[in-house]
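Hi,

Here is the structure I said I'd pass on. Have a look at it first, and then read my notes below.

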Amino acid sequence: MNRNELRKSDINLMVIFEALMQEQNVTRVGEKLHLGQPTVSTALARLRNLFNDPLFVRVGNRMEPTRRAEEIIRHLSPALDAMATALSFTHHFEPRESHLTFKIGLSDDVAFALLPPLLQALRDEAPHVVVIVQHVDYWRIPDLLTAGEITVGITQTRELPANAKRKLLRYIEPRILRADNSDAPLTLDEFCARRHVQVSYTAGVHGIIDTGLTKIGRKRKVVLSIPQFGLLPAALRGTDLLASCPDYAAKALLAWGNLRDEPCPFAVPPAELSMVWLSVTDNDPAERWLRARLEQHMGNSHGALLN
């Protein structure tokens with residue numbers, strides 16, 4: 001390859017081009033890269049001149065990439081990833097002196113139950129860093145990672161970007177929460193007869209508990225769906241309602257009082273809670289430090305690198 005071609009380009013332009021491909025909107029690119037809209041527009045003009053192609057055609061509020069732009073990004077993104085990895089070796093990370101901003105994605109159960117001790121540790125070890133937490137689930141995390149909205153996320157996962165790495169932090173054991181006055185453990189029949197609360201970010205009324213019940217030919221009745229685990233004490237107080245939640249979330253909720261938990265009265269295969277990040281940040285000293293702290297406070301002895 002002719003390295004002299006690299007002398008004609010500006011790496012900042014390439015970063016802006018990648019962001020334009022992801023966002024397809026000049027204003028959002030400016031917000032994402034902390035640049036003014038005129039700066040992004042000027043960069044786009046330079047890119048069009050460099051590649052001798054319009055690159056983007058406006059369609060409504062979006063900027064639709066041309067065929068040439070699609071071809072360029074296929075080669076450019078891996079190159080930018082490689083450059084970012086190489087440049088990460090040029091600096092070290094001092095937590096106590098750092099003023100970096102970390103962007104973390106957490107599912108609601110993780111944020112509710114496992115975030116508080118992490119934040120305390122970060123305040124003690126790196127008092128000047130800024131932490132931005134976004135809600136993620138297995139649907140949102142691939143897009144947020146690819147768009148650079150987060151650099152690491154913790155949730156249950158399904159399909160991930162090809163350049164993603166995943167580490168199992170712990171297995172999730174379902175627990176049943178209740179606020180009634182009975183001390184008798186739940187039987188399967190009583191569990192199915194009682195009314196239930198479902199915690200669902202998407203306002204759903206089905207979960208992993210329903211999947212397990214279906215396998216044994218049973219079902220339950222969900223009469224309330226709420227978006228956050230932190231609302232469960234209020235939802236259950238003074239009722240005979242039941243709610244299922246991850247074991248670590250149940251432990252945090254019990255500290256609020258007036259609740260108790262018990263095992264699920266039928267077998268439910270444990271789900272996996274994983275930490276996910278892109279390979280481009282794998283060797284970045286600051287990100288490695290952050291991932292180590294996330295694993296320390298949100299994982300257990302089951303942790304293993306999966307891919």
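α1 and α2 pack at an angle of about 125°, and their axes lie 9 Å apart. The crossing of α1 and α2 is right-handed. On the α1 side, the contact is made by Val15, Ile16, Ala19, Leu20, Gln22 and Glu23. Their partners on α2 are Val26, Arg28, Val29, Lys32 and Leu33. Do keep in mind that this is a predicted model.

Now for α3, which runs over residues 37–51. This helix has 15 residues and reaches 21 Å from its first C-alpha to its last, close to the 21 Å expected at 1.5 Å a residue.

Which residues of α3 are buried? They are Val40, Ala43, Leu44 and Leu47. These four cover an arc of only 105° around the axis, so they sit on the same side of α3.

If you turn to the face of α3 pointing away from its buried side, you'll find the exposed residues Pro38 and Asn49.

One last thing to look at is Asn52: this residue follows α3 and has a positive phi, near 55°.

Cheers

Conventions:
Residues are numbered from 1 along each chain as its sequence is written. This is a predicted model: local features need pLDDT of at least 70, side-chain atom pairs count only at pLDDT 80 or more; totals for chains, interfaces and linings use all residues. Side-chain values use heavy atoms; hydrogens and water are left out. Helices (H or I, at least four residues) and strands (E, at least two) are DSSP runs, numbered from the N terminus. The expected span of a helix is 1.5 Å times one less than its number of residues. Buried means under 20% relative accessible area, exposed over 50%, partly exposed in between (1.4 Å probe, protein chains only). The arc is that of the directions from the helix axis to the C-beta atoms. Axes are lines fitted to C-alpha atoms, for helices over the stretch in contact, and angles run from 0 to 180 degrees between N-to-C directions. A crossing is left-handed if the near helix is turned anticlockwise from the far one by less than a right angle, and right-handed if clockwise. Contact means heavy atoms within 4.5 Å.
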